Amino acid sequence: MSPSDTIHLNQSGSTEFVFQMFTSSPNIQTLLFCFFLFLYIMIICGNSAIIWTIYINTNLHTPMYFFLSNLSFLEICYTTTLIPLMLANIMGKRKPIPFAACATQLFFFGTLGSTDCFLLAVMAYDRYVAICHPLQYTLIMTPRLCTQMVAGCLGLALFLSLSFTALVFNLPFCGHILEINHFFCDAPPVLYLVCADTHVAQAVLYVISILVLATPFLLICISYVFIAITILRIPSAEGRQRAFSTCSSHLTVVLLQYGCVSMVYFRPPSSTPADEDRYLALVYTFVTPLLNPIIYTLRNKDVKNALKKAMSKKAASENL
């Protein structure tokens with residue numbers, strides 16, 4: 001069913017949405033369901049392990065790991081907003097999602113995704129202070145300031161997401177059941193179904209994308225320029241390696257996250273097929289949240305050692 005077909009449907013009653021299927025083959029549907037469910041379980045387990053490890057190890061009660069635990073919690077909430085509904089619609093007949101439920105999903109997706117982007121910028125600032133101003137680090141990055149930064153990220157994301165969601169879902173949708181060419185209620189495919197002029201909404205989406213993506217990414221780049229200059233001034237190779245290792249994990253996540261999301265939100269609406277946006281969305285829905293715990297544990301000795309210590313303690317207590 002195409003959007004042009006749905007415009008002639010019965011317009012009485014409330015509007016509902018259905019998501020486009022990945023495939024109509026029952027066998028492939030089963031394989032996709034099992035594969036995505038496995039990835040979702042891995043995301044929950046991996047990010048929960050990071051939160052648990054940081055919580056039980058007092059050595060990790062520092063600003064850097066405070067932000068990392070918040071990032072992991074965001075990843076759990078973010079994926080839980082999208083993946084269970086996606087799994088429910090993979091197999092069998094497509095299940096309509098109510099108008100209000102679609103608006104709610106877009107709101108939480110925007111809030112959690114935006115907070116994630118803002119938090120990555122805050123983490124870059126934390127690394128900047130730690131490396132460029134190590135003597136003042138504990139004086140600047142106080143627990144109160146860290147909490148205020150996280151709260152500020154969430155507050156700004158709530159404001160932007162609520163404003164945009166209210167704008168989009170106050171526009172008219174023609175038809176009773178509309179097909180979204182996506183696996184969740186994302187802004188571009190939902191705007192495509194509006195049967196009115198969307199230039200204002202598209203402009204607002206572009207401005208919000210600049211605030212959420214371009215501005216934090218610019219601040220991250222500036223932070224890493226100063227960090228790189230400081231690292232190059234360190235006389236010993238061991239010191240340079242240690243300083244770089246504290247930043248490389250964060251930089252890897254930043255490039256993956258901002259790269260894929262920017263390709264979706266900074267392109268003109270008709271420049272590429274909608275299917276391509278769906279595949280890119282799979283990256284920041286599954287790959288990035290899954291790689292976060294892997295990257296931060298494999299490339300971070302403190303987290304790796306703390307996790308090993310916690311696991312050995314748990315094994316020892318079970319053997320008693």
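**View 1. The C174–C195 link.** With 85 degrees about its S-S bond, the link of C174 and C195 is right-handed. This is a predicted model, and here it puts the two sulfur atoms 1.8 Å apart. The bridge ties together distant parts of the chain, 21 residues apart: C174 sits in the loop between helix 6 and strand 3, and C195 in the loop between helix 7 and helix 8 (199-232). C174 is buried at 16% relative accessible area, while C195, at 29%, comes out partly exposed.

**View 2. The C102–C185 link.** Here a disulfide joins C102 to C185, with an S to S distance of 2.1 Å. Its two ends are 83 residues apart, with C102 in helix 4 (residues 99-132) and C185 in the loop between strand 3 (177-180) and helix 7 (187-192). The link is left-handed, at -125 degrees about the S-S bond. C102 is buried, with a relative accessible area of 0%, and C185 is buried with 0% too. Searching the whole structure turns up 2 disulfides, and their pattern along the chain is 1-3, 2-4, counting bonded cysteines.

**View 3. Helix 3 against helix 6.** Helix 3 (residues 63-88) packs on helix 6 (residues 143-168) at about 25 degrees, with the axes 10 Å apart. Angles under 35 degrees count as roughly parallel, so that's the label for this pair. Their crossing is right-handed. On the helix 3 side you'll find P63, F66, F67 and N70, meeting C146, T147, M149 and V150 of helix 6. By class, that contact has 6 nonpolar residues, 2 polar ones and no charged ones.

Notes: Residues numbered from 1 in each chain as written. Predicted model: local features only at pLDDT ≥ 70, side-chain atom pairs only at ≥ 80, totals over all residues. Heavy atoms only, no water. Axes fitted to C-alpha atoms, helices over the stretch in contact; angles between N-to-C directions. Helix = DSSP H or I, 4+ residues; strand = E, 2+ residues; numbered from the N terminus. Parallel < 35°, antiparallel > 145°, perpendicular 65-115°, else oblique. Left-handed = near helix turned anticlockwise from the far one by under 90°. Contact = heavy atoms within 4.5 Å. Nonpolar A, V, L, I, M, F, W, Y, C, P; charged D, E, K, R; others polar. Disulfide = S-S within 2.5 Å. Buried < 20%, exposed > 50% of the residue type's maximum accessible area, 1.4 Å probe, protein only.
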